[in-house]
Amino acid sequence: YPPTDSGNWQTFIETWVRHLVDRYGRKAVSSWLWELWNEPESDYFRGTVAEYCKLYSHFTAALKTVVPDARVGAPHTTDPKWKNGDLFMETFLEHCRSGRNAVTGRIGAPLDFIAYHAKGLTRLDEHQRVEMDLRNHLGTIDRYSSIIARFPEFARLPVYIGESDPEGCAGCPSTLDPQRDYRRTSQFASYTAASFMREQDLAASHGGNLQGAVSWAFTFHDQPWFNGLRALTTNEVALPVFNAFKLFSRLGSMRVESSSTGMLTTREILTNSVRGAPDIGVAATRTNDGSLRILLWNYHDVADGFEKATPVTLRVKGLAAGLDPAAATITRIDEHHANAFTAWRKLGEPQSPSPEQIAFLNDAATLKPIALEASGRTTDSADYDLPLLGQSVALLEIPRQRH
């Protein structure tokens, strides 16, 4: 890597794509996002940027020979501060715009989407508490979005964050590396809400078109219970972060204007991260049937304050006819709700839990909506008092009236 014979490599890719068309069908293959390499600015690729661009020409030629409407993209670089990923990105985009194509001899290369990785940082502070860094995560998105904006030919292409995570080493267990212990707790859930809910707006502020973001989190088989790899489950029991994604899935497709006096601006986070006051955030949506789904979070970089409640009053104004504020529910993820890790510690941290204990853990991990009574009502507004524990996420749902 890079291959010594680009022609042979191109033939190999063509053969592979034909196999996939035979197996899955052209319609399926043309719907996929085809990517050349992972983090090529790092040791995962040991050639030069020019060699990468040459390989990209062969890659796109092979793919589009078999499936002309296949979607191709790159470069999946990561933190600009690490291996100058931003310079790699700039050079690659310039190649796609004005470089000589190694296969066709013409100017430019096909580009249907742009992809990169965005990560935060973690460490232990002076009190041996996990300290995260949302600033670095959002700063990477800000930097890459500004680069893409300088290429008007590509500025509105779909963008995908192929890895969007608090830090880089998914396979480092927190049981051996305590700075990654956020993974077992509700801090991972609150960080995920605070980061993912801002990403689209941050890209859009540069004119970008963010279409997707992926958490580099998997199922690791045959691992100890709660060993702290970056996963969504532990032995098939949901972790708090998995429940955060479940709440995401219940949001509506239409954004509704929302604001919070306790929510830090993205520019404040880009300057100072979340080291002073916590980030009490909100994102409101409307579903296709007109009901409201409002996500809230209480996040801080430092793993502290899990038991400290912040009083929050949520005022919903301009209630549309047909909504039923009296039927509102709230679903929580925090130290005591939808949190199997807390339950496991109460059991004494068994590494061979009984069937009854596993059932207890699964129940503790379950999202459970509860009724939430309005503390104040007018004809078109409703107030809800809902204190948020530190490092928490909550979803308020106001359904339509039943007839």
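**Helices, strands and selected residues of the predicted model**

Helix H1 covers residues 6–24, and its 19 residues should span 27 Å at 1.5 Å a residue; the end C-alpha atoms are 27 Å apart, which agrees. The expected span of a helix is taken as 1.5 Å times one less than its number of residues. Helices (H or I, at least four residues) and strands (E, at least two) are DSSP runs, numbered from the N terminus. The model is a predicted one, in which local features need pLDDT of at least 70 and side-chain atom pairs count only at pLDDT 80 or more, while totals for chains, interfaces and linings use all residues. Residues are numbered from 1 along each chain as its sequence is written, and side-chain values use heavy atoms, with hydrogens and water left out.

The buried residues of H1 are Ser6, Trp9, Gln10, Ile13, Glu14, Val17, Leu20 and Val21. Seen down the helix axis, the buried residues of H1 fall within an arc of 140 degrees, so they line one face of the helix. This arc is that of the directions from the helix axis to the C-beta atoms. Buried here means under 20% relative accessible area, exposed means over 50%, and partly exposed lies in between (1.4 Å probe, protein chains only). Asn8, Phe12, Asp22 and Arg23 are exposed, on the face of H1 turned away from its buried side. The cover over the buried residues of H1 includes helix H2 (26–31), strand S1 (33–35) and helix H3 (49–66); contact means heavy atoms within 4.5 Å.

Both ends of H1 show local features. At its start, the backbone nitrogen of glycine 7 has a side-chain oxygen of aspartate 5 within 3.0 Å. A polar contact is a pair of N or O atoms within 3.5 Å; within protein, one must be able to donate a hydrogen and the other to accept it, and residues adjacent in sequence count only if both atoms are side-chain atoms. Just after H1, glycine 25 has a positive phi of about 95 degrees. In the segment before H1 lies proline 2, which is joined to tyrosine 1 by a cis peptide bond with omega of about 10 degrees.

Helix H3 has 18 residues and reaches 26 Å from its first C-alpha to its last, close to the 26 Å expected. Its buried residues include Tyr52, Cys53, Leu55 and Tyr56. The buried residues of H3 pack against H1, H2, S1, S2 and helix H5 (85–98).

Strands S6 (residues 158–165) and S7 (residues 209–213) run parallel and are joined by four bridges. Two strands pair if DSSP finds at least two bridges between them. Asparagine 209 in S7 stands opposite proline 158. Together with helix H7 (residues 186–204), S6 and S7 make a right-handed β-α-β unit; right-handed means that, with the strands pointing away from the viewer, the path from the first strand over the helix to the second runs clockwise.

An open sheet of six strands has the order S10-S11-S12-S20-S15-S16, with antiparallel pairing. Strand S10 (254–256) and strand S16 (370–371) stand at the edges, each with a single partner strand, so one side of each is left without a neighbour in the sheet. Within the sheet, seven bridges join S12 (residues 292–299) to S20 (residues 392–398), and leucine 292 stands opposite isoleucine 398 in S20.

Most residues other than glycine have a negative phi, and most peptide bonds are trans. Serine 273, in the loop between helix H9 (266–272) and strand S11 (279–286), has a positive phi near 55 degrees and is buried at 4% relative accessibility. Glutamine 391, in the loop between strand S19 (388–389) and S20, also has a positive phi, of about 55 degrees, and is buried with a relative accessible area of 1%.

Leucine 388 lies in S19 and is buried at 1% relative accessibility. Its C-alpha is separated by 5.2 Å from that of threonine 310, 78 residues apart along the chain. Arginine 275, in the loop between H9 and S11, is partly exposed, with a relative accessible area of 33%. A polar atom of the arginine 275 side chain lies 2.9 Å from the backbone oxygen of methionine 132.
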